[in-house]
Structures are given as structure tokens and as C-alpha cells.
Amino acid sequence: MSRLKINGFAEMSFDTDIFDISITVKAFADTSGSALSDGKAKTEEFLSVMSEKLGISPKSFTLSSDSVNRIYGDNQQYCYTKEMTLRLESDLASVETVTDVLGGMENTEYRISYSLSDTASKEKLVLTEAIKDSRRKAELIAETLGQKITGLEEADFEYAEEIQLMRSAPMLKANSCDSLASQLNNPVQTISKNISMVWISEEK
């Protein structure tokens, strides 16, 4: 009986399908009270537009921060800032639909990040391929030695589980968005896995 310690490797690419849109609503005024009042009004307007035009409920947004700060300079104004995050489990066409609406609103900024949904199952898929890779190599070596693989003694790998905390908005219908940008391919995220396995081989 022999022991073969063989490393397995696999790498797979997946289209990202989670888009986090961080949105900042701002308002400027000469007093903190006016900035706060104007900012709240702009926030209500923003949430109303998202609900009426896109069917996105205010409950789909997660509050990140809410503040009024003095801007020191020639004008010495006050700035109201409310930051919210909208998570879409969708595609670029839907994201373009949202950003088209945002583009028509004053004092509203946004940035977009992306990731994968159900990361745990995708990592499991890649890990399975890494295990197959290790076994193929072990079988090839065993064959050259006139042996065959009869079992597994040990496996060493790291496996991270996914944690999703944010609420997602419903899938948007992006039929109304005909911009060229909406036709871009989704960003791709690559997952790779290494695994070290000790296989048992015996004479045929």
C-alpha cells in the first residue's frame, strides 16, 4: 500500500449578479436647519421617484449615514448628506435603468460595486472540480506504478461560507432601457480553490 499526497486546483469564472448601488442625497443651505429641511425633502422626492418610476419600495434601501455638516470656506454653508444602499440581484440592464433615473435628479451621487449571489454553492462547485483534479493526477501516478487508487486518507482545504445581510430589491424590468451601456456583459468574478489530498494506492 502506498500514499500519494497530491494537490488539486480548479478555477472558474461566474457572471456577477449582485449590484450594490450606494446613493448619496445632498442639500446645501446657509443654516443647518434649512439644510436639514431641504435634505429631507430631497430624500422624500428621491424615494418617491424610485417607487413611482421603478417600483422600488423605500424598504429596499439600507441607510448608511445621515448628517449635517458645516462647510468652511467663502460661503460657509451647511451640507445635508444621506447615504443609502440599494442591492439589486439583477443585471447591468437593470442597473442602467436605475442610474438613468438617478441622472435626472439634482445633488444625487452614486457608486456601484458588484459581487456574486450564493457564493457558498459556487465555491463548493469549484472545490469539487479541484478534488477531481487531485484524483485524476493520483490515478495517473498510480497507473504508472502499476497500482490503483483505493481510498482517501486525508484532505486539507479552506472553505468560506457566504453571509448575506442586506435586503434585495425585486427584479427590475429593464425593457425601457435601450442604451448601449445596458448591453455590456456583466462583470466576471473568478473563484479558485486549492486542495491537498492524500490518496491510498495498492497493487492491482
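Analyst: Glu123 has a relative accessible area of 11%, so this residue is buried. Buried means under 20% relative accessible area, exposed means over 50%, and partly exposed lies in between, with a 1.4 Å probe and protein chains only. The model is predicted, so local features need pLDDT of at least 70 and side-chain atom pairs count only at pLDDT 80 or more, whereas totals for chains, interfaces and linings use all residues. Residues are numbered from 1 along each chain as its sequence is written, and side-chain values use heavy atoms, with hydrogens and water left out.

User: With which residue does Glu123 form a salt bridge?

Analyst: A salt bridge is a side-chain nitrogen of Lys or Arg within 4 Å of a carboxyl oxygen of Asp or Glu. Here the partner of Glu123 is Lys193, and their closest N and O atoms are 3.8 Å apart. Because Glu123 belongs to helix H3 and Lys193 to strand E8 (residues 188-203), the pair ties together parts that are 70 residues apart in sequence. Lys193 also counts as buried, at 11% relative accessibility.

User: How many salt bridges does a search of the whole structure find?

Analyst: The search finds ten. One of them joins Glu153 to Arg3, with 2.5 Å between the closest N and O atoms. This pair links distant parts of the chain, since Glu153 is in strand E6 and Arg3 in strand E1 (residues 2-15), 150 residues apart. Glu153 is partly exposed, with a relative accessible area of 40%. Another salt bridge brings together the side chains of Asp20 and Arg87, at 2.7 Å from N to O. Asp20 lies in strand E2 and Arg87 in strand E4, so this pair ties together parts that are 67 residues apart in sequence. Asp20 and Arg87 are both buried.

User: How many helices and strands does the protein chain have?

Analyst: Helices (H or I, at least four residues) and strands (E, at least two) are DSSP runs, numbered from the N terminus. The protein chain has three helices and eight strands. Their order along the sequence is β-β-α-β-β-α-β-α-β-β-β.

User: Why is H2 described as largely enclosed by the rest of the structure?

Analyst: Nine of its twelve residues are buried, so H2 is largely enclosed by the rest of the structure. The buried residues include Leu92, Val95, Val98 and Leu102. Their cover includes strand E2 (18-29), helix H1 (32-54), strand E4 (78-89) and E5. From first C-alpha to last, the twelve residues of H2 reach 16 Å, close to the 16 Å expected at 1.5 Å a residue; the expected span is 1.5 Å times one less than the number of residues.

User: Is Thr97 buried or exposed?

Analyst: Thr97 counts as buried, at 7% relative accessibility, and lies in helix H2. A polar atom of the Thr97 side chain lies 3.0 Å from the backbone oxygen of Ala93.

User: Which residues does Lys148 touch, not counting residues up to four places away in sequence?

Analyst: Contact means heavy atoms within 4.5 Å. On that basis Lys148 touches Ala142, Ile200, Ser201, Glu202, Glu203 and Lys204. Lys148 lies in strand E6 (residues 147-156) and counts as partly exposed, at 44% relative accessibility. Lys148 and Ser2 are 146 residues apart in sequence, yet 9.8 Å apart in space from C-alpha to C-alpha. Across the protein chain, 84% of the contacts between residues at least 6 apart in sequence join residues at least 24 apart.

User: What is the phi of Asn107?

Analyst: Phi of Asn107 is near 55°, a positive value in a residue other than glycine. Asn107 lies in the loop between helix H2 (92-103) and strand E5 (108-115). Asp118 also has a positive phi, near 50°, and lies in the loop between E5 and helix H3 (119-144).

User: Where does pLDDT stay under 50?

Analyst: pLDDT is the predictor's confidence in each residue, from 0 to 100. The protein chain has a mean pLDDT of 86, and 87% of its residues reach 70 or more. Over residues 160-166 the value stays under 50, and the model has 15 contacts beyond four places in sequence for them. Residues 170-175 are also below 50, with twelve contacts beyond near neighbours in sequence. Where pLDDT is low, the predicted coordinates should not be read in detail.

Terms used. Polar contact = N/O pair within 3.5 Å; in protein donor to acceptor, adjacent residues only side chain to side chain.
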